[in-house]
Amino acid sequence: MRSNPRQIKLLHAVREHGDLSVETLAEMLGVTLQTVRRDVQGLADAGLLVRFHGGVRVPTSTVENIAHTQRENLHAPGKARIAAAIAREVPNGCSLILNIGTTTEAVAKALLQHQGLRVITNNLNVAAILSGNSSCEVIVTGGVVRPRDRGIVGEATVDFIRQFKVDLAVIGISGIEADGTLRDYDYREVKVAQAIIDHAREVWLAADHSKFGRPAMVELARLSQINRLFTDAPPAPPFDSLLEAAGIRCTIAQDTP
């Protein structure tokens, strides 16, 4: 399609801010909801945008995640709220595993004031953050380091995780699909995450609203394997029903007063 200047501006807004509602786009562009819906439909038909319930996002690959530096800034306020909500629930003196992802890195920052934690991680960024907490013992897994995000993966990582049984696993995810599957991109990373789930007494999922309905190639787990979900907005259908059916306690992270 031949995009007009308004549609180009709309595309730039979505690429800069991530998921945006139709109402927000109308306000940003100074046009009517009908105009935005028409533009969105044309851009979606051309494969330049993906529509979801209440808004739009840029298309994402099912085989490769976006760059770590981009993910750090994408939905950062929501991730910070999720991290703060998780930190409020993590007791001092417990053992936990944090896996790969920018959301778990936000959780690590939120745990810097905790006392007596023993943290296992396959994320060198998490290890670097929590090494600033002198009251926290950090255990880094063995394995192969991925340069793009400093995640550690591979069979050696899986074998290392299997030595432990921790109180909590706090995991991030790339996508939650409408069939109730949790999905990610790298098969090696998924194998590590599955071992983490199997070797934790309780599993908490940290996922901002953009993860709902986001496709990825490799199945990691199902919602029924999760005990708690921490997110930054109420999940829309069908995810609200899926969470209820799975008996998952869902915490909506709000701004702190």
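This is a predicted model: local features need pLDDT of at least 70, side-chain atom pairs count only at pLDDT 80 or more; totals for chains, interfaces and linings use all residues.
Q: Are helices H2 and H3 roughly parallel or roughly perpendicular to each other?
A: The axes of H2 (residues 22-29) and H3 (residues 33-45) come within 9 Å and cross at roughly 110°. Angles of 65 to 115 degrees count as roughly perpendicular. H2 and H3 are therefore roughly perpendicular.

Q: How many charged residues does the contact of H2 with H3 have?
A: On the H2 side, the contact involves Val22, Glu23, Leu25 and Ala26, which meet Leu33, Val36, Arg37 and Val40 of H3. By class, this contact has six nonpolar residues and no polar ones, and the number of charged residues is two.

Q: What is the handedness of the crossing of H1 and H2?
A: H1 and H2 pack with their axes 11 Å apart, at an angle of about 125°. That angle makes H1 oblique to H2. The crossing of the two helices is right-handed.

Q: Which residues of H2 meet H1?
A: From H1, the contact draws on Arg6, Lys9, Leu10, Ala13, Val14 and His17. The residues of the contact of H1 with H2 divide into six nonpolar, one polar and two charged. The partners that H2 supplies are Leu25, Met28 and Leu29.

Q: At roughly what angle do the axes of H5 and H6 cross?
A: H5 spans residues 76-89 and H6 spans residues 102-110, and their axes come within 8 Å. The crossing is right-handed. Its angle is roughly 50°.

Q: How many nonpolar residues are there in the contact of H5 with H6?
A: Lys79, Ile82, Ala83, Ala84, Ile86 and Ala87 in H5 are in contact with Thr102, Thr103, Ala106, Val107 and Ala110 in H6. Of these residues, two are polar and one is charged, while the nonpolar ones number eight.

Q: Why does H6 count as largely enclosed by the rest of the structure?
A: The buried residues of H6 are Thr102, Thr103, Thr104, Glu105, Ala106, Val107 and Ala108. H6 is largely enclosed because the buried share of its nine residues is seven.

Q: Which element gives the largest share of the largest nonpolar core?
A: The largest nonpolar core has 31 residues, and Ile171, Ile176, Leu182 and Leu205 have the most contacts inside it. Elements giving two or more residues to this core include helix H8 (155-161), strand S9 (166-171), strand S12 (200-206) and helix H9 (187-198). With six residues, the largest share comes from H9.

Q: Which arginine does Leu205 touch, not counting residues up to four places away in sequence?
A: Leu205 is among the residues with the most contacts inside the largest nonpolar core. Its partners include Ile171, Ile176, Leu182 and Phe230.

Q: Is Arg228 buried or exposed?
A: Arg228 is placed in strand S14. Beyond four places in sequence, its contacts include Glu89, Glu202, Trp204 and Ile248. With a relative accessible area of 6%, Arg228 is buried.

Q: What is the phi of Arg150, which is not a glycine?
A: Arg150 lies in the loop between strand S7 (144-146) and strand S8 (151-153). At 49% relative accessibility, Arg150 counts as partly exposed. Its phi is positive, about 65°.

Q: Is the peptide bond from Pro237 to Pro238 cis or trans?
A: Pro238 lies in the loop between strand S14 (228-231) and H10. The omega of the bond from Pro237 to Pro238 is near 0°, and the bond is cis.

Q: How far apart in space are Ser21 and Gly54, C-alpha to C-alpha?
A: Ser21 is in strand S1 and counts as partly exposed at 23% relative accessibility. Leaving aside neighbours within four places in sequence, Ser21 is in contact with Gly54 and Gly55. Ser21 and Gly54 are 33 residues apart in sequence, and their C-alpha separation is 5.6 Å.

Note on methods. Residues are numbered from 1 along each chain as its sequence is written. Side-chain values use heavy atoms; hydrogens and water are left out. Axes are lines fitted to C-alpha atoms, for helices over the stretch in contact, and angles run from 0 to 180 degrees between N-to-C directions. Helices (H or I, at least four residues) and strands (E, at least two) are DSSP runs, numbered from the N terminus. A crossing is left-handed if the near helix is turned anticlockwise from the far one by less than a right angle, and right-handed if clockwise. Contact means heavy atoms within 4.5 Å. Ala, Val, Leu, Ile, Met, Phe, Trp, Tyr, Cys and Pro count as nonpolar, Asp, Glu, Lys and Arg as charged, and the others, Gly among them, as polar. A nonpolar core is a set of buried Ala, Val, Leu, Ile, Met, Phe, Trp, Tyr and Cys residues joined through side-chain atoms within 4.5 Å. Buried means under 20% relative accessible area, exposed over 50%, partly exposed in between (1.4 Å probe, protein chains only). Angles under 35 degrees count as roughly parallel, over 145 as roughly antiparallel, 65 to 115 as roughly perpendicular and the rest as oblique.
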